[in-house]
Amino acid sequence: MSISEQKTSLFFKLSISITVFGALLKYLSWPLIILGGVGMVIFHGIQFFQKQKRLPLDYARYILVVVFLCNYLFSIFQLPYANILSLITKVSLIVFLLLYIKKIVSASQENTDRNQLLSNYSTEDLSYLLADLATVYIVLASLFKILQWEFGIINTNFLLIIGLISAFISILTSSKISRK
């Protein structure tokens, strides 16, 4: 018996929402984060194992989700080796981001000439690209908040501001499209 891709995707997104909501709470946030993290591992695992052709990005995404949950559980329950898991989470996040950027760049190179990077994109395509970037930045900001990370000026507030500005611009461009 297999679960449809649409249902697993919906429950995976719901699990992400629960995790982010738990991260925003000040008191007793850990039950929601654990519930959301377990849901992310389960539903992304179902998506991952039902996929016929798995790419390196899929492996990196699944490893990131599993290591994130383990890191959070180890840090909440103050188990040994939490620092090692934190380092593994950071490395898996960097690998995931590099593979994701590689996917975006290779997709854009297939569609356009090297001399004209953005000229062949329509306003609708740019709106979708900005919405995707906004989602990535907002999810990264929540990850930074949950794990209390900070890399120089790159912190939760910085990533959240970039994500919200990207979302705002995406909404403005999509509203211009709908008016036409």
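## Salt bridges around Asp58

In this predicted model, Lys51 and Asp58 are joined by a salt bridge in which the closest N and O atoms lie 3.0 Å apart.

Asp58 and Arg61 are 3 residues apart in helix 3, so about one helical turn separates them, and Arg61 is partly exposed, its relative accessible area being 24%. The structure holds 2 salt bridges, and Lys51, Asp58 and Arg61 are linked by salt bridges in a network.

## Packing of helix 2 and helix 3

Two packed helices are described by the angle between their axes and by the distance between those axes. Helix 2, which covers residues 30-50, packs with helix 3, which covers residues 56-76, at an angle of about 155°, and their axes are 10 Å apart. Because angles over 145 degrees count as roughly antiparallel, helix 2 and helix 3 are roughly antiparallel to each other. The crossing of these two helices is left-handed.

## Residues of the contact

On the side of helix 2, the residues that make the contact include Trp30, Ile33, Gly37, His44 and Phe49, while those of helix 3 include Asp58, Arg61, Val65, Leu69 and Ile76. The residues of this contact between helix 2 and helix 3 divide into 17 nonpolar, 3 polar and 2 charged. Asp58 and Arg61, which take part in the contact, also belong to the network of salt bridges with Lys51.

Key
Residues numbered from 1 in each chain as written. Predicted model: local features only at pLDDT ≥ 70, side-chain atom pairs only at ≥ 80, totals over all residues. Heavy atoms only, no water. Axes fitted to C-alpha atoms, helices over the stretch in contact; angles between N-to-C directions. Helix = DSSP H or I, 4+ residues; strand = E, 2+ residues; numbered from the N terminus. Parallel < 35°, antiparallel > 145°, perpendicular 65-115°, else oblique. Left-handed = near helix turned anticlockwise from the far one by under 90°. Contact = heavy atoms within 4.5 Å. Nonpolar A, V, L, I, M, F, W, Y, C, P; charged D, E, K, R; others polar. Salt bridge = Lys/Arg side-chain N within 4 Å of Asp/Glu carboxyl O. Buried < 20%, exposed > 50% of the residue type's maximum accessible area, 1.4 Å probe, protein only.
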